[in-house]
Amino acid sequence: MIKVSPDIAGIIPYPPGKPMEELERELGIKGSIKLASNENPLGPSPKAVAAIRKGLEKIQRYPDGAGYYLREALAEKWKVEPSQVIIGNGSNEIIELLVRTFILPGDEAIMADPSFSLYPLVVTTGHGKPVQIPLKEGRHDLAQMAKAITPKTKLIFVCNPNNPTGTMVDKREVARFLLRVPKRILVIFDEAYAEYATDPDFPQTIDSLREGASVIFLRTFSKIYGLAGLRIGYGISRPEVIDYMNRVRQPFNTNLPAQQGALAALSDEAHVSKSLRINQEGKEFLCRQFDEMGLSYFRSETNFIYFNLNGSEPALGKKVFTALLHKGVIIRHLEGRHLRVTIGLPKENRRFIQSLKEVLSLK
Ligand SMILES: Cc1ncc(COP(=O)(O)O)c(C=O)c1O
């Protein structure tokens, strides 16, 4: 039998979700709605779709491995050099590249818990050690994260706003934190949902980068830009950090339609504004409904809400999740009585609330 490292043998496989069509067939339902993966319910920009179609006509060619035009456009947007931009097959790939580039066996990576589940997985498969620091009242506990730094710490993940809680740490907290982090450590700000954050105190990581902090920030086209199925995201940092990552990445890591779709999506500011407006209205509606139902939730700076069911029965979350599933409303169960719902279109939000009320009154 082929041998595998104990780090990999010890991983619990991620349970793959079923395609919606398959789930509907199994449950004998139709017209279900998916509010589980924080995608944009409006869909992609029509301009992006047109650009993707155009890209398909040249699909016999390998893509531009350096992503020249997209990197130029991103450099222009952020007022940095193209050498400071890396694009990836989703920001997930950039997270993986960071670990493969910088983690040596036994190095530590500090992260919050709960946070994006990919971080501990990627660090473990990269033979590093995830150091998980519990959230404090649903938010990153940056003071404890700074205290957890050891000579072995190489990376620190700050998911801002955080998935799954939707909460953020603000610019003053981040500035204080960065003062405590030695320059030999790279701080990764995963800002997959930053375009949804409306709090004026949301940190501008680009400013920390300009001031010389050892940081990279990651953005994605999977969320507000509505291109999750294309798989494209990017990171911005100091040129030497990007240079090392470029040595590790596959030469053609992002595909041609994705590069062209992303470029078009970036220029369609009206679609982004509309997506943000619909999200804000949906968030206000859902929060009002949760208030009326007496359910607690964390204040969200994202396109999803983490909420709690009342009562002492720890299995309630799973039960409610399953009952909603049978009504064709797919959300995410986290643990115990905690659930996460993606903010959808108005009629999806109404259907979710109606179904939740029905399910809870059955208790
Ligand atoms: C916090 C966070 N980072 C990164 C990603 C991955 O994004 P991408 O689709 O760009 O790989 C997600 C996706 O859900 C996320 O929640």
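Two strands are said to pair if DSSP finds at least two bridges between them. In this predicted model, that criterion can be followed in strand 9 and strand 10 (residues 304-308), which run antiparallel and are joined by two bridges. Within this pair, Ser296 faces Asn308 of strand 10. Strands of a sheet in general pair through backbone hydrogen bonds, in either a parallel or an antiparallel manner.

The pair belongs to an open sheet of four strands, arranged in the order 9-10-13-12 with antiparallel pairing. Strand 9 (296-297) and strand 12 (332-333) are found at the edges; each has a single partner strand, so one side of each is left without a neighbour in the sheet.

Attention can now turn to the ligand. It is surrounded by 13 residues, and the closest of them are Ser91, Asp190, Tyr193, Thr220 and Ser222. This shell is made up of four nonpolar, six polar and three charged residues. Several side chains come within polar contact of the ligand. For Asp190, an N or O atom of the side chain is 2.7 Å from a nitrogen atom of the ligand. For Thr220, an N or O atom of the side chain lies 2.5 Å from an oxygen atom of the ligand. Lys223 also takes part, with a side-chain N or O atom placed 2.9 Å from an oxygen atom of the ligand. How much of the ligand does the protein bury? Taken alone, the ligand exposes 400 Å², and 92% of that is buried by the protein.

The structure contains one cavity of 30 Å³ or more. The largest cavity holds about 30 Å³ of space, and its lining consists of Pro41, Tyr196, Ser275, Ile278, Asn279, Asn303, Ile343 and Gly344.

Helix 8 gives the largest share, with five residues. In the lining of this pocket, nine residues are nonpolar, five are polar and four are charged.

Asp113 and Pro114 are joined by a cis peptide bond, with omega at about 0°. Pro114 sits in the loop that runs between strand 3 (108-113) and helix 6 (118-125). Another cis peptide bond links Asn160 to Pro161, and here omega is about -5°. Pro161 is located in the loop between strand 5 (153-159) and helix 8, the helix that also contributes five residues to the lining of the second largest pocket. Finally, Asn38 is not a glycine, yet its phi is positive, at about 55°. Asn38 is found in the loop between strand 1 (33-34) and helix 3 (46-56).

Conventions:
Residues numbered from 1 in each chain as written. Predicted model: local features only at pLDDT ≥ 70, side-chain atom pairs only at ≥ 80, totals over all residues. Heavy atoms only, no water. Near = heavy atom within 4 Å. Polar contact = N/O pair within 3.5 Å; in protein donor to acceptor, adjacent residues only side chain to side chain. Areas by Shrake-Rupley, 256 points an atom, 1.4 Å probe, with all protein chains shown as cover. Nonpolar A, V, L, I, M, F, W, Y, C, P; charged D, E, K, R; others polar. 1 Å grid on protein atoms, 1.4 Å probe; cavity = no way out; pocket = protein on both sides within 12 Å on 5 of 7 lines; lining within 4 Å. Points joined across faces, edges and corners; volume = space filled by probe spheres on them.
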